[in-house]
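Please keep the structure in view while reading the points below.

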Amino acid sequence: MGNFGNLIMNENMKIFRRPRTWIMLSILALITLLMPVLLNEGMGSSEVPYWQAAITTVQVVFFLNTIFCVVIAAEAVAGEFTWGTIKLLLIRPWSRSKILASKYLTVIGFSILSTLLVVILATVMSYILFSHSVTQDGSGASASHAFALWGYLYVDLFITLAIAFMVSSVFRSGALAIGLSLFIMFTQNLFSLIFNPVRYEWAKYVLFNNMDLSRYMDPVTDFSMFDGGNTGMTLGFSVAVLAVYYVVFMLISWVVFNKRDVAG
């Protein structure tokens, strides 16, 4: 276990010794701090609850957070092949499974760190600039609503990272992993509309239709373009579907990485 801990520490050093990592985190922090200021200038602070401002800030910045995390995930394995350092790893007294696991856990650790950075800074800055009062009817954003939404956003990020990590492991191409992940991010809603469960029964098993769990917070708007609801889909159903896809992605990554010949 100690050796595995050293392996994870080694992977973290690879990430945090690169200037670009700190540049990405600095950009995230700067934009997260600026967003509430811009919202305050545009909407004013007297009526807007700070939780609503924090939610809006995180939703806007989270897209950039996902891109940065995908960059880290895409090069976790592919970068070793690109730089020719994979042989140095494999001659060490560690199994390939441990090497792959350490890389994946490091990627997840970075995504948690960057997400916490965005959430904490957005909440603190919004708390300073916006109203602390509750609406008269008791409606509006709350802490529970905010954290539930942010949790769903992270699930989307979690699955996107699994895809990027799998592509990185299978094709040894960081560019392909980044490109495919960005394609999924940009076209996720489009594919959800095209392959709509209201029109196609089998579509409810499509990955794109299950990644955005936040829609279950307001089921009335789900697939509203087609005047349909969740058509039998529930939060538990989507989580189960995502779990199956996740296991498949991880199995493909593990099998390919363990079978790959790096002699050349």
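Which helix gives the most to the lining of the largest cavity? In this predicted model, that helix is α3, with five residues. The helix α3 also packs against α7 and supplies at least two residues of the lining of the largest pocket.

**The cavity**

- The structure contains one cavity of 30 Å³ or more, and the volume of the largest cavity is about 120 Å³.
- Three helices, α1 (2–16), α3 (50–83) and α5 (96–129), each contribute at least two residues to the lining of the largest cavity.
- The residues that line the largest cavity are Glu11, Lys14, Ile15, Arg18, Ile72, Glu75, Ala76, Glu80, Trp83, Lys103, Thr106 and Val107.
- Six charged residues, five nonpolar residues and one polar residue make up this lining.

**The pocket**

- At least two lining residues come from each of α3, α6 (143–171) and α7, and α6 provides the largest share, with six residues.
- By class, the pocket lining has nine nonpolar, six polar and two charged residues.

**Packing of α3 with α7**

- The axes of α3 and α7 (residues 174–194) lie 8 Å apart, at an angle of about 150°.
- Angles over 145 degrees count as roughly antiparallel, and α3 and α7 are therefore roughly antiparallel to each other.
- The crossing of this pair is right-handed.
- On the α3 side, the contact is made by Phe63, Thr66, Ile67, Val70, Val71, Ala74 and Ala78; on the α7 side, by Gly174, Ala177, Ile178, Ser181, Leu182, Met185 and Phe186.
- This contact between α3 and α7 has 11 nonpolar and three polar residues, with no charged residues.

**Packing of α6 with α7**

- The axes of α6 and α7 cross at roughly 150° and come within 8 Å.
- The helices α6 and α7 are therefore roughly antiparallel to each other, and their crossing is right-handed.
- From α6, the contact involves Asp156, Thr160, Ile163, Ala164, Val167, Ser168 and Phe171; from α7, it involves Leu176, Ala177, Leu180, Ser181, Ile184, Met185 and Gln188.
- The residues of the contact of α6 with α7 comprise nine nonpolar, four polar and one charged.

**Packing of α5 with α9**

- The helices α5 and α9 (residues 235–259) pack at an angle of about 135°, with 9 Å between their axes.
- These two helices are therefore oblique to each other, and α5 passes α9 in a right-handed crossing.
- Arg96, Ser97, Ile99, Leu100 and Tyr104 of α5 face Tyr246, Met250, Ser253, Trp254, Phe257, Asn258 and Lys259 of α9 in the contact.
- The contact of α5 with α9 divides into seven nonpolar, three polar and two charged residues.

Key. Residues are numbered from 1 along each chain as its sequence is written. This is a predicted model: local features need pLDDT of at least 70, side-chain atom pairs count only at pLDDT 80 or more; totals for chains, interfaces and linings use all residues. Side-chain values use heavy atoms; hydrogens and water are left out. On a 1 Å grid over the protein atoms alone, a cavity is a set of points where a 1.4 Å probe fits but cannot get out, and a pocket is an open set with protein on both sides within 12 Å along at least five of seven lines; lining residues have an atom within 4 Å of a point. Grid points are joined across faces, edges and corners, and a volume is the space filled by probe spheres set on the points. Helices (H or I, at least four residues) and strands (E, at least two) are DSSP runs, numbered from the N terminus. Ala, Val, Leu, Ile, Met, Phe, Trp, Tyr, Cys and Pro count as nonpolar, Asp, Glu, Lys and Arg as charged, and the others, Gly among them, as polar. Axes are lines fitted to C-alpha atoms, for helices over the stretch in contact, and angles run from 0 to 180 degrees between N-to-C directions. Angles under 35 degrees count as roughly parallel, over 145 as roughly antiparallel, 65 to 115 as roughly perpendicular and the rest as oblique. A crossing is left-handed if the near helix is turned anticlockwise from the far one by less than a right angle, and right-handed if clockwise. Contact means heavy atoms within 4.5 Å.
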